[in-house]
Amino acid sequence: MKIVRAIKRGCKRSFICSVLTTNAGDNVFVFKTQFNFMSSILKNIMMIPFESSLVKSKFRGSLLGSLIGDCLGAPFEGDVVTSGDKIILQKYFDKLQDSNFKGPYKQYTDDTAMMKSVAKFIIDKPEPDYKFLAKLFATEYFSEPKRGYGQNVIEVFHKLKNSKFENIYKPATEQFFGSGSYGNGGAMRIAPVALFFHDNYKLMLEVAINTTKITHTNILGINGALLQCIAIHQALLMDPENKIDPIVFCKKLNEKMKELEKVDEDDEYDLDGTSKAYQDSLEIVEYLLEKEYNDGLDEEVIEKLGNDIRAHKSVPTAIYCFLRAQSEIPKIDTSNIFRRTIQYAISLGGDTDTIACMAGAIAGAYLGEDAISPYLAKQCEFYKEVLEMADNLFSSREGVSMKC
Ligand SMILES: [Mg+2]
């Protein structure tokens with residue numbers, strides 16, 4: 001890679017814009033960053049070696065993947081899926097993907113409702129304004145409360161509103177007698193952060209933490225959101241023409257989690273193992289991926305990785321679904337990796353909307369929009385708006401660049 005043109009420095013809001021190209025000369029992408037010095041940029045930027053049309057398709061794929069997982073997974077939430085149910089699930093997907101099928105929209109839940117707010121927060125104010133985000137979350141909830149929000153997050157919204165958003169992080173820290181929530185609510189809505197800040201890893205992580213803390217302050221809730229964020233990020237940076245090696249993908253994630261879950265030297269009495277929870281889970285993901293698929297494997301996945309609303313019992317599961325779906329899975333009859341990912345995630349039962357939503361966001365970031373059946377997308381409420389949102393997210397990056 002080489003930088004062929006550094007356009008301007010010292011522009012408004014201290015963004016620096018550059019056009020980068022590969023040595024092959026044909027992969028160009030315009031990026032922005034918030035650092036003042038070229039040296040720190042070179043240290044922090046993550047190069048994305050694709051044409052901007054592919055990057056745009058990946059933005060669309062990730063947000064659409066998230067929506068489809070949420071909408072198609074929602075009717076199965078809380079289910080224990082049997083072998084017979086897997087046949088029903090196959091027929092359900094075949095029907096939805098039939099171009100002649102016309103049915104009512106599948107409705108989205110809190111996962112998409114909150115993701116909408118995260119996207120708007122980034123698009124409207126490129127300088128992160130977390131109070132604005134807290135207000136967006138609350139406004140979205142109070143305008144449509146029946147989207148399947150959990151009771152604890154509802155409590156946070158009421159406290160935020162009643163306190164006039166004075167301290168946006170206080171209500172969440174008071175949850176669960178001060179230990180904070182470790183639900184998967186931070187992870188399920190993180191896709192816009194991973195996409196928009198993909199070329200500045202440090203800033204991406206910082207924004208991911210601050211957006212999560214408004215509702216989830218337990219370290220497991222925060223690290224779960226970080227793991228989902230870096231999984232989407234890692235998938236985004238991969239060429240969809242190249243096959244993913246699931247074990248390598250998993251090992252790379254684990255390397256990054258080692259950095260993020262660094263144990264405090266004073267914390268030698270970490271008896272419940274929470275400080276390394278995600279590294280341990282990723283080891284299990286790897287162990288499960290190495291196994292040949294067999295009839296009992298799904299039960300082992302649920303037992304070892306989980307399928308419930310806790311972040312540490314659902315984010316690694318979503319990653320596993322995406323990676324397992326890179327090759328064929330018995331009883332899931334499709335050659336399409338995206339559909340296989342979503343269908344497999346739902347087949348595990350439990351918190352199906354959120355696990356399929358998270359797996360879908362990763363799959364869509366890797367494959368791009370073209371790999372997603374438009375017939376499947378059209379079954380989902382809000383799919384046109386989600387595509388528009390992805391385009392706005394994409395063009396707001398370029399918009400900032402152009403202002404420089
Ligand atoms: Mg939900």
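Mentor: A term to begin with: a nonpolar core is a set of buried Ala, Val, Leu, Ile, Met, Phe, Trp, Tyr and Cys residues joined through C-beta atoms within 7 Å, and a residue is buried if 20 or more other C-beta atoms lie within 10 Å of its own, exposed if 12 or fewer, and partly exposed in between, with C-beta atoms placed from the backbone. This is a predicted model, in which local features need pLDDT of at least 70 and side-chain atom pairs count only at pLDDT 80 or more, while totals for chains, interfaces and linings use all residues. Residues are numbered from 1 along each chain as its sequence is written.

Trainee: OK, so which residues have the most contacts inside the largest nonpolar core?
Mentor: Those are A359 and I362, in a core of 111 residues. Two residues are in contact if their C-beta atoms, placed from the backbone, lie within 7 Å, and I362, leaving aside its neighbours within four places in sequence, is in contact with A231, I232, A235, A318, I319 and F322.

Trainee: And what share of the protein's residues is buried?
Mentor: Of the 404 residues, 48% are buried.

Trainee: How many helices and strands are there?
Mentor: The protein has 19 helices and three strands, where helices (H or I, at least four residues) and strands (E, at least two) are DSSP runs, numbered from the N terminus.

Trainee: Switching to packing, how do α10 and α11 cross?
Mentor: The axes of α10 (residues 201–212) and α11 (residues 219–236) come within 9 Å and cross at roughly 140°, the axes being lines fitted to C-alpha atoms over the stretch in contact, with angles from 0 to 180 degrees between N-to-C directions. That makes α10 oblique to α11, since angles under 35 degrees count as roughly parallel, over 145 as roughly antiparallel, 65 to 115 as roughly perpendicular and the rest as oblique.

Trainee: Which residues meet there?
Mentor: From α10 they are M204, L205, A208, I209 and T212, and these meet G221, I222, A225, L226, C229 and H233 of α11.

Trainee: Last topic: where is K331 found?
Mentor: K331 is in the loop between α15 (315–324) and α16 (337–347), and its phi is near 70°, a positive value in a residue other than glycine.

Trainee: Why does K331 count as partly exposed?
Mentor: Because K331 has 15 C-beta neighbours inside 10 Å.
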